[in-house]
Structure formats: structure tokens, C-alpha cells
Amino acid sequence: MIVSGAASQTLAAHVARELGEPLASVEYDRFPDGELLAAAPGLVDGDAKRAVIVAATTSSDAHVELLQLQDAARQAGVDEVVTVLPYMGYGRQDDAFDAGQPISARAVARAISTGTDRVVTVTPHEEAVCDFFEPPATVVDAAHRLAEPLPADLTEPVFLAPDAGAIDLAETVHSTYGTGETDYFEKTRHSGTNVEITPSDVDVADRDVVIVDDIIATGSTMSEAVGVLERRGAGRVFVTCVHPLLARNAYSKLSRAGVDAIYGTDTIEGPASAVSVAPAIANHL
Ligand code: R5P
């Protein structure tokens, strides 16, 4: 049976349809003191042999809820628990960047590992985070779907990575789209919301630009890049990413910066979820 975390209900239902497996009934409750109680009575009623828990860990609550659903699955007596992390929260803190810091990705991976036989995650910030899990962890690549929502009539498009780390993603979207060129900017991050973009000398005048990244969080990276492109007379500017986290005022920040459209997948469900990763996840199950 497919078991959904509260933040991944649409995606979990889609995965269930793709696999032809039932979607378990799940209840998300909260005690008066704020503690969570996620339960999956459907696993018991349905006499499930395998529980596939689909849960984007976009918040600390979502992490706790996932641990509870894993435990509920064991309690229901299933033979196998598979944990699908469409988006792995805390994945970007994959190192101790300053003295005294935790490797948060390792900490959450250890906790998740205790309740699962297998992990499937979608385009993590760094694939190396898979090594933090104890059971086998595999990566679903979602980048090949990002070209689908783009208009078919892009003018001499440039597929632009806002930093060097996103070049492979931009190249994948470029080759899937089938025409144009790939380029990248350099990024220096000063704080969570303060980033500095050093542009390349790519000629974007009157050309449509698609900026490609793995995550849009505060939208600072994208809006800085959009600002450069606007000043250089680019044509239409689209932004696309695998994980449209769009925290705080990211959506309006990007709209005000002059973005024509924001596209993402449903690893994080929201207004930018233009394509689904459900078929790709189902292929790994
Ligand atoms: C970091 O290197 C990631 O690839 C993204 O560029 C980053 O998470 C985007 O964050 P924000 O939208 O807050 O600039």
C-alpha cells in the first residue's frame, strides 16, 4: 500500500495510480500540547505486505510525521517499508561548514534509516547524501521532465545555471528541449537570503532564457540572476527547478523581478508544480 505524508498527498495518490496499488487511509492529528499523531489505519485494514511511505520532509513536523508513519507500518506487521523522500529536508546541510555545526543531512538520514528497508529520493542537492542512509538509497532523476512545461517557441534559448552546481541540470533541460545553448553564472552566498551573482559574458539580448536550479527556496538566487538578465535585455525569462520550495515571499519576489513563469515538479506540492515525478518514482518501485 502507498502511505502519504501530509505534504505529499497528491503525489502519493499519483504514485498509487501509476503502480495500481491501493492508497492507505491516513490520519494526521495533533495533541493539545502540539505533539503530532500520524496514523495509517489503512495498513491494518488492507493487510498490506509492503508500505511505501511518500513524504516530502519540508518541515520539522514532516520529519516527525514520517518517523511515526514508518513506525505505524512496522506496527501493522508489513514485511517491507520503503521510504520515498520526494524532497529531503535538511539535505543542503551536508557538511559541517563551520566549527560546531552538525551535518544535518546525516542526522536526519540516520533517524529515517531506523524505520525503513529502503530509501528512494528525488534529485537530492548532492547525491552523496545517499551514503548517510544505512539501508540502500537510490536517486530518482527528475531533471528530464523540466523541459515539458516550457513553451515550444523559445527564441534562441539559453539554459542558464545560476551557479556552477546546477550546470548538469541546465544541460539536461537543454538537451531534452532540443535546441539552444547552456551557460552558467557564478554565485557567492553571503547569508540565507543574500546572494551575489557574477554573470558570464553570454549574449542574452532578445533571447529567451530558462534558468535551471535544483531548489528555489527564498528565490534570492533566481531573482538576482533574473535582475542581471533584465539589465542585459533578455527576452522572456522562465525559471524552472525540481523542488519548488518557494519559502516566505519567494513567489512574489520572482514575479516582481520579471519572471514570465515559474515551473517545478510535485516533489513539493504547490502552485509551481507543473510536472509530476510520480511515473519516475513508480519506475523505482
Ligand atoms: C544551492 O546551491 C541550491 O542549488 C539553490 O541554488 C539554493 O537552494 C536556492 O536557494 P534560494 O532560492 O534561497 O536562493
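Start by selecting F159: it stands opposite T182 in β9. Strands here are DSSP runs (E, at least two residues) and helices are runs of H or I, at least four residues, numbered from the N terminus. You're looking at a predicted model, where local features need pLDDT of at least 70, side-chain atom pairs count only at pLDDT 80 or more, and totals for chains, interfaces and linings use all residues. Residues are numbered from 1 along each chain as its sequence is written, and side-chain values use heavy atoms, leaving out hydrogens and water.

Now show β8 (residues 158-161), joined to β9 by 4 bridges, the two running parallel. Two strands pair if DSSP finds at least two bridges between them.

Next, pick I167, in helix α5 (residues 167-177). Leaving aside neighbours within four places in sequence, I167 is in contact with A161, T182 and Y184 (heavy atoms within 4.5 Å). I167 is partly exposed, with a relative accessible area of 25%; buried means under 20%, exposed over 50% and partly exposed in between, for a 1.4 Å probe and protein chains only.

Last stop: A72, 41 Å from I167, C-alpha to C-alpha, and 95 residues apart in sequence. Select helix α3 (residues 60-75) and colour its buried residues: A62, H63, E65, L66, L69, Q70 and A73. The face turned away from that buried side carries exposed D71 and Q75.

Note on methods. The expected span of a helix is 1.5 Å times one less than its number of residues.
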